Each structure stands twice: as structure tokens, then as C-alpha cells.
Amino acid sequence: MKVLLTHGYFLSDDPKEQQIMKPYPPLGLLYISAFLDENNIENEVFDSTFSTKAEQEAFIKEWQPDVVAIYTNLMTKLNVLDTARKVKVVSPDTKVIMGGPDVSYNTANYLKHGADFIVIGEGENTMLELVQFLEKTPDELPTEISGLAFIGHDGEEVKTAARVKVRDINELPIPNRDAIPIEKYLEAWKSRHGQSALNVSTQRGCPYTCKWCSTAVYGQSYRRRS
């Protein structure tokens, strides 16, 4: 089972960020990648930040993944839907999974426009269970896996039970930064600002209720790494 993790942000399409030039790696995808690695699931990360839509499409066509999982937020929604359409053209049997803050509140819309499955909430365990399920029983529906939305046999949307959050996030591996060209981020910062910077995540959760932000994924919880 080959899993491709990607997203819909392209620096070349963002003139404001080109002026600021403070890009950060997609930590959410890198957490998923590390968790899949830990459980012996073959995966690749196509980091679109410094790439192009044509290169992303060519990679999908060449690698022919069984699953393409796309991180989605409000800003990248249109690019993500475009990527989902292209996946079905260049690799028709590939399953498209979407996750991230925007999909949690718009599951029906994304399922209508290219997603086979929506991951609601934290993605590590849901992704692992779903990939394992698809590998063993590709023609069945994962009704027993929590944290999912998909279209049932009757054409209606199905939402499974809410995913229980990872209580101790120390159990999660550190993000798989080796999966992306990290030097491009370091150089982008250094060439513009004289020094490099990278992002880390020390906690999960937030006490506020912004629907476009982390609350949609992590809920109103607050969990810290030691």
C-alpha cells in the first residue's frame, strides 16, 4: 500500500509570501508520515511549497499511489479540489483522502468534489487504520473506523464516531522532516533574513473556537509535550 501525502500551497502563487519569505514546512503531514513510517506503511511526502502544480501532477502519475492524502485549509481549498480531480485522471483507482481544519465543517462539499474519505480531527490513528483497512478490504466501507466521513452504498453521507484524541502526545514520533527538501526552507529564510528558522509543535489544542484553525482538528483540548 503506497500512500502519498501532499497539500495545496504553492509559494509561486502567493506574491505576499514571496515578499515576506517566511515559509514553514507542513508539520501536520510530517507527523502523519512519521506515524506511518513507525507502522511500516510505505509513504512519500510531496511538499508543494517550492514546487508547481505540473510537478505535483507528474509525481502522482509516475508514482501511482494507492492513496493520496491531502491537507486542506481555507486558503488552499481550490488547489486541493483541483489536485483531487487530477488524481482521478492520472491514477483512477487511487483513493483520495482529505484532512485539515476546513474539511471538518464541510464534509459533504468535499465528498461531492473529489474526496473518497474525509478525516475529521487528529489524523495519525485514523489514517493508519484507514490505510490498513483499504489494503485488506478495498471494496468495503470503513464504518467501524472512527473519525471519518464518506459516501455510503445508498449515496448518503456517513459519519462515523468521533475520534478519541491522543491523550499523551509524547507517544507520537517527531515529524519526518527528512521526507521534504528542508534545505529549501532554511535557505529561503537565510537568504532573506540572514538566519534560518523552522517550526516546532510543543502542544495540541487551543481554548478558542476559530473554525478555520486548529480547534477544527484538535478540539478544545490542551495537551503538551513534556
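**Salt bridges, surface charge and local geometry in a predicted model**

A search of the whole structure finds seven salt bridges, a salt bridge being a side-chain nitrogen of Lys or Arg within 4 Å of a carboxyl oxygen of Asp or Glu. The model is predicted, so local features need pLDDT of at least 70 and side-chain atom pairs count only at pLDDT 80 or more, while totals for chains, interfaces and linings use all residues. Residues are numbered from 1 along each chain as its sequence is written, and side-chain values use heavy atoms, with hydrogens and water left out.

Asp-82 and Arg-85 meet through their side chains in a salt bridge, at 3.6 Å from N to O. These two residues are three apart in helix α4 (residues 77–90), and therefore about one helical turn separates them. Helices (H or I, at least four residues) and strands (E, at least two) are DSSP runs, numbered from the N terminus. Asp-82 also forms a salt bridge with Lys-86, at 3.1 Å from N to O. Here, too, both residues lie in helix α4, four residues apart, about one turn of the helix. Arg-85 counts as partly exposed at 46% relative accessibility, and Lys-86 is likewise partly exposed, at 24%. On this scale, buried means under 20% relative accessible area, exposed over 50%, and partly exposed in between (1.4 Å probe, protein chains only). Accessible areas come from the Shrake-Rupley method with a 1.4 Å probe, and for residues only the protein chains shown count as cover.

Another salt bridge joins Arg-223 to Glu-122, with the closest N and O atoms 2.8 Å apart. This pair links distant parts of the chain: Arg-223 sits in strand β9 (residues 223–224) and Glu-122 in the loop between β5 (117–119) and α7, 101 residues apart. Both Arg-223 and Glu-122 are buried. The two residues also belong to a network of salt bridges that links Glu-122, Glu-124, Arg-204 and Arg-223. As a general point, side chains of opposite charge can pair when their charged atoms come close.

Gln-203 touches Ile-169, Tyr-222, Arg-223 and Arg-224, not counting residues up to four places away in sequence; contact means heavy atoms within 4.5 Å. At 30% relative accessibility, Gln-203 counts as partly exposed. The C-alpha atoms of Gln-203 and Asn-170 are separated by 9.8 Å, the two residues being 33 apart along the chain.

Glu-42, Glu-44, Asp-66 and Glu-135 form a negative surface patch. Patches are made of residues with over 30% relative accessible area and no salt bridge, like charges being joined within 9 Å and nonpolar side chains (Val, Leu, Ile, Met, Phe, Trp, Tyr) within 5 Å. Lys and Arg count as positive and Asp and Glu as negative, whereas His and the chain ends are not counted. The place of a charge is taken as NZ of Lys, CZ of Arg, CG of Asp or CD of Glu.

Most residues other than glycine have a negative phi. Asn-40 is placed in the loop between α2 (27–38) and β2 (43–46), where it is exposed, with a relative accessible area of 70%. Gln-64 belongs to the loop between α3 (53–63) and β3 (67–71) and is partly exposed at 36%.

Several buried residues complete the picture. Ser-33, in helix α2, has a relative accessible area of 1% and is buried. Leaving aside neighbours within four places in sequence, Ser-33 is in contact with Leu-5, Asn-43, Val-45, Asn-176 and Ala-179. Ser-146 is found in the loop between α7 and β6 (148–151) and counts as buried at 17% relative accessibility. Beyond residues up to four places away in sequence, Ser-146 touches Thr-126, Thr-160, Ala-161, Ala-162 and Arg-163. Finally, Ala-216 in helix α9 (residues 215–218) is buried, with a relative accessible area of 10%. The C-alpha atoms of Ala-216 and Pro-101 are separated by 4.9 Å, although the residues are 115 apart along the chain.
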